[in-house]
Amino acid sequence: MNSIPKKALTLFIVSIFLCGFSLNGASLKLVKEIGDCDGILIHRPNGAAVSKDRVIFVADSKQHYVAKFDWSGKLLKKIGQRGQGPGDFNLPCQLKLYGDQLAFPDYGNKRFVEIGTDLK
């Protein structure tokens with residue numbers, strides 16, 4: 001198993017609990033590593049989802065965006081910035097996939113967002 005930088009693992013676990021998830025005694029298993037802790041592409045991951053065709057979606061609550069990666073970790077698209085308008089987010093988290101829709105709470109804006117998996 002690949003080693004996970006302590007800082008990245010800590011951020012991941014803290015993100016799970018900040019968004020209200022409970023592990024209920026379950027253990028965590030590393031499925032896929034993406035990004036680079038030194039380059040910090042993802043600053044504060046606060047939710048992730050993987051589609052059936054192995055596309056990875058990640059919510060970054062520090063930079064206020066949602067990113068789409070292919071299975072190899074290549075960034076395909078990133079949307080959002082801090083704000084209140086259309087396409088703006090403030091603390092996105094808890095990504096869920098429903099068919100070709102991505103849904104998540106935009107916690108800081110007190111709203112729920114649904115967008116297509118094409119991130120348009």
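Me: Before anything else, what counts as a contact here?
Reply: Contact means heavy atoms within 4.5 Å. Keep in mind that this is a predicted model.

Me: OK. Among contacts between residues at least 6 apart, what share joins residues at least 24 apart in sequence?
Reply: In the protein chain, 37% of those contacts do.

Me: How many helices and strands are there?
Reply: The protein chain has 1 helix and 7 strands. Along the sequence the pattern reads α-β-β-β-β-β-β-β.

Me: And burial, overall? What percentage of the chain counts as buried?
Reply: 33% of the 120 residues.

Me: Which residues sit on which side of strand 2?
Reply: Ile56, Val58 and Asp60 are on one side. Phe57 and Ala59 are on the other. Both faces are covered.

Me: What does strand 2 pair with on the strand 1 side, and how?
Reply: Strand 1, residues 45-50, runs antiparallel to strand 2, with 4 bridges joining them. Ala48 has Val58 as its bridge partner in strand 2. Val50 stands opposite Ile56.

Me: What about the turn between strand 1 and strand 2?
Reply: The two form a hairpin with 5 residues between them. Arg54 in that turn has a positive phi of about 65 degrees.

Me: And strand 3?
Reply: Strand 3 covers residues 65-69 and runs antiparallel to strand 2, over 5 bridges. Ile56 has Phe69 as its bridge partner there.

Me: How far is Asn46 from Gln94?
Reply: 6.7 Å in space, C-alpha to C-alpha. In sequence they are 48 residues apart.

Me: How many bridges link strand 6 and strand 7?
Reply: 6 bridges, with strand 6 spanning residues 101-106. One example: Phe104 has Val113 as its bridge partner in strand 7.

Me: Now the packing. Which residues of the largest nonpolar core touch the most other members?
Reply: Val66, Leu95, Leu102, Phe104, Ile115 and Leu119. That core has 13 residues. Strand 2, strand 6 and strand 7 each give two or more residues to it.

Me: Is there a second core, or what else is grouped?
Reply: A second, separate core has 6 residues, including Ile56, Val58, Tyr65 and Ala67.

Me: What does Val66 contact beyond its sequence neighbours?
Reply: Leaving aside neighbours within four places, the list includes Val58, Ile79, Phe89, Pro92, Leu95, Leu102, Phe104 and Leu119. Lys77 and Lys78 are also among the contacts of Val66.

Me: How many aromatic pairs are there?
Reply: The structure holds 1. The pair is Phe89 with Phe104, edge-to-face, at 5.3 Å centre to centre and 70 degrees between the planes.

Me: What does that pair tie together?
Reply: Phe89 lies in the loop between strand 4 (75-79) and strand 5, and Phe104 lies in strand 6, so the pair links parts that are 15 residues apart in sequence.

Me: Last one. Which residue lies over the face of Tyr65?
Reply: Lys78, at 4.6 Å from the ring centre.

Methods. Residues are numbered from 1 along each chain as its sequence is written. This is a predicted model: local features need pLDDT of at least 70, side-chain atom pairs count only at pLDDT 80 or more; totals for chains, interfaces and linings use all residues. Side-chain values use heavy atoms; hydrogens and water are left out. Two strands pair if DSSP finds at least two bridges between them. A nonpolar core is a set of buried Ala, Val, Leu, Ile, Met, Phe, Trp, Tyr and Cys residues joined through side-chain atoms within 4.5 Å. Buried means under 20% relative accessible area, exposed over 50%, partly exposed in between (1.4 Å probe, protein chains only). Rings of Phe, Tyr and Trp (its six-membered ring) pair if their centres lie within 6.5 Å; planes under 30 degrees apart count as stacked, over 60 as edge-to-face and the rest as tilted. A charge sits over a ring if NZ of Lys or CZ of Arg is within 6 Å of the ring centre and within 35 degrees of the ring normal.
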